[in-house]
Amino acid sequence: MSAGAETLRLSPLDAAHRALGAKMVPFGGWEMPLSYPKGTIAEHMSCRSGAAAFDVSHLGTVRVQGPGALSTLQSAFTNDLGKISPGRAQYTHLLDDADGSVLDDIIVWWVSDERFDVMPNASNTTRVRAAVGGADVTAERAVIALAGPSARVKLAGVAPAAAAVGRFRVETFIWRGATCLAAGTGYTGEDGVECAVPSGIAREFWDAVVDTGFTPAGLGARDTLRLEAALPLHGHELGPGITPLQAGLGWVVAWDKPDGFPGRAALEREREAGPRRRLAGIVSDGRQPPRAGAEVLAGGSSIGEVTSGNFSPVLGRGIGLALLEGTHPPGTAVEVDVRGRRIPATVSALPFVDKKL
Amino acid sequence: MNVPEHLRYTSDHEWARGDSDGVRIGITDYAQDSLGDVVFVQLPTPGRRVTAGESIAEVESTKSVSDIYAPIDGIVSEVNQELTDAPQRLNEDPYGEGWLCVIAPDGDSPLAPLMDADSYRGLIEG
């Protein structure tokens, strides 16, 4: 995801991160905090046991509105907005029509009758706009994700209306005179709220949140948290050659929508034949993480490849997601080829850490 | 960054110190800070003959994997087994409890080619 020589975009909270001593890294064309001085593992554990705040302003916001907005999104994405209603959020996919590959995974915030805030991954905003049009309003706001078992209690002291938003609900709230949005969505496996606030008050909102006891957490912790929760990351578990069915996300596909969606024919063929590989969990016997790209072997033969891997602070072991061919139920002993050494591991049920939300 | 005066350094951000039982090595404060939280250390096998510049260990953090290179020629005489279960010692105490291994050197003045604290400071602050 290195941006090379191109100019990196800065979050409205850039100065706040630097003041907190964050290590900044390029990510999806943005310069964002990797970690703060406490470090990734401490940030991770704060989110699992308390409350953490993440700047996720690098996610895109594409605003699609007007009388045709609903039908535009219905015919572009795999999920069915008919299953929800205004004031709710939905996870969905944009597919490649040719082979059903996932071009992006997206959260749609259905803000009001004819207004949708579509949130693609940082580097896929252009691709999603090509599919659904709309206005790129990413620069107008910061998005601050608050997550953890005490996130709502703490947030109630800063923005009570935001703290009360239900799971997968979207609501407008006013904070110090500014109109903001809160959604009961997140990417950590913990309960939480994501707040979109106008860029002009973003610093004030962030400081209020941090002052009330949220631990600032960077992209490093965001990645280990989503991995424990087995949430897919585009470019790893989703992407060219990987369909929703292979990723175990068949529930994102509304097969019976009247107008269909790009990629449906390819996906139907795959459903009939059965996906040639499926996403599974791998837990190392020890601490060493399996890493993306590592080969997975059973009985000495290759059965697939790790798509993401890291250390699980909660389990104290290496964990990974892998696309495996054939049937390998939880408990199956495997080996992972990590830079030429084969380390013992076991197929695991997903998620690795389940907070039963 | 902490760069103790009494140690010698390599351009790979390792430190070395002559002890009675050989040359003790580890990674510098700068290295542990760059790596972030260390989660796994692959140590060399005691008795292994190593040549200066050869990869002898791996230090893995939540964000990356780094090779550790032998700073001198010799034989690995001791490794810090505590790191197997507590790799975070590399972050907490890189010059003390986070030491990696001891190498019994071949020559009489094995540390001579390595940098002193001033030179190393120049490297990381340069």
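**A close look at the sheet and its helix**

Modeller: Start with a charge and a ring. The charged end of Arg271(A) sits over the ring of Trp255(A), at 3.9 Å from the ring centre. Chain B has a case too: the charged end of Arg24(B) lies over the ring of Trp99(B), 4.5 Å from its centre. Keep in mind that this is a predicted model.

Now the sheet. In chain A, six strands make an open sheet, in the order 11-12-13-10-4-14, with mixed pairing. Strand 11 (170–175) and strand 14 (215–216) of chain A are the edges; each has a single partner strand, so one side of each has no neighbour in the sheet. Look at the strand 14 end. Strand 4 (residues 52–55) of chain A pairs with strand 14 of chain A in the parallel sense, over two bridges. There, Ala52(A) stands opposite Thr215(A) of strand 14. In general, strands of a sheet pair through backbone hydrogen bonds, either parallel or antiparallel.

What lies across this sheet?

Next, the rings. The whole structure holds six aromatic pairs over all chains. One of them joins Phe173(A) and Phe205(A): the pair is tilted, with 6.4 Å centre to centre and 45 degrees between the planes. Phe173(A) belongs to strand 11 of chain A and Phe205(A) to helix 7 of chain A, so this pair ties together parts 32 residues apart in sequence.

Trp175(A) counts as buried, at 5% relative accessibility. Together, Phe173(A), Trp175(A) and Phe205(A) form one aromatic cluster.

Step back to the core. The largest nonpolar core has 33 residues. Leu155(A), Phe173(A), Trp175(A), Cys195(A), Val197(A) and Phe205(A) have the most contacts inside it. At least two of its residues come from each of strand 10, helix 5 (151–156), helix 6 (160–163), strand 11, strand 12, strand 13 and helix 7 of chain A. Helix 7 of chain A gives the most, with seven residues.

What does Phe205(A) touch? Leaving aside neighbours within four places in sequence, Phe205(A) is in contact with Ile144(A), Leu155(A), Val158(A), Ala159(A), Phe173(A), Trp175(A), Cys195(A) and Val197(A). Apart from this core lies another, of 32 residues, among them Ala147(A), Val170(A), Leu245(A) and Trp255(A). That is the Trp255(A) whose ring lies under the charged end of Arg271(A).

Finally, another helix. Helix 2 (residues 40–49) of chain A has these buried residues: Thr40(A), Glu43(A), His44(A), Ser46(A), Cys47(A) and Arg48(A). They pack against strand 3 (30–35), strand 4, strand 10, strand 14 and helix 8 (219–228) of chain A.

Technical notes. Residues are numbered from 1 along each chain as its sequence is written. Chains are lettered from A and ligands numbered from 1 in the order in which they are written. This is a predicted model: local features need pLDDT of at least 70, side-chain atom pairs count only at pLDDT 80 or more; totals for chains, interfaces and linings use all residues. Side-chain values use heavy atoms; hydrogens and water are left out. Two strands pair if DSSP finds at least two bridges between them. Helices (H or I, at least four residues) and strands (E, at least two) are DSSP runs, numbered from the N terminus. Rings of Phe, Tyr and Trp (its six-membered ring) pair if their centres lie within 6.5 Å; planes under 30 degrees apart count as stacked, over 60 as edge-to-face and the rest as tilted. Buried means under 20% relative accessible area, exposed over 50%, partly exposed in between (1.4 Å probe, protein chains only). A charge sits over a ring if NZ of Lys or CZ of Arg is within 6 Å of the ring centre and within 35 degrees of the ring normal. A nonpolar core is a set of buried Ala, Val, Leu, Ile, Met, Phe, Trp, Tyr and Cys residues joined through side-chain atoms within 4.5 Å. Contact means heavy atoms within 4.5 Å.
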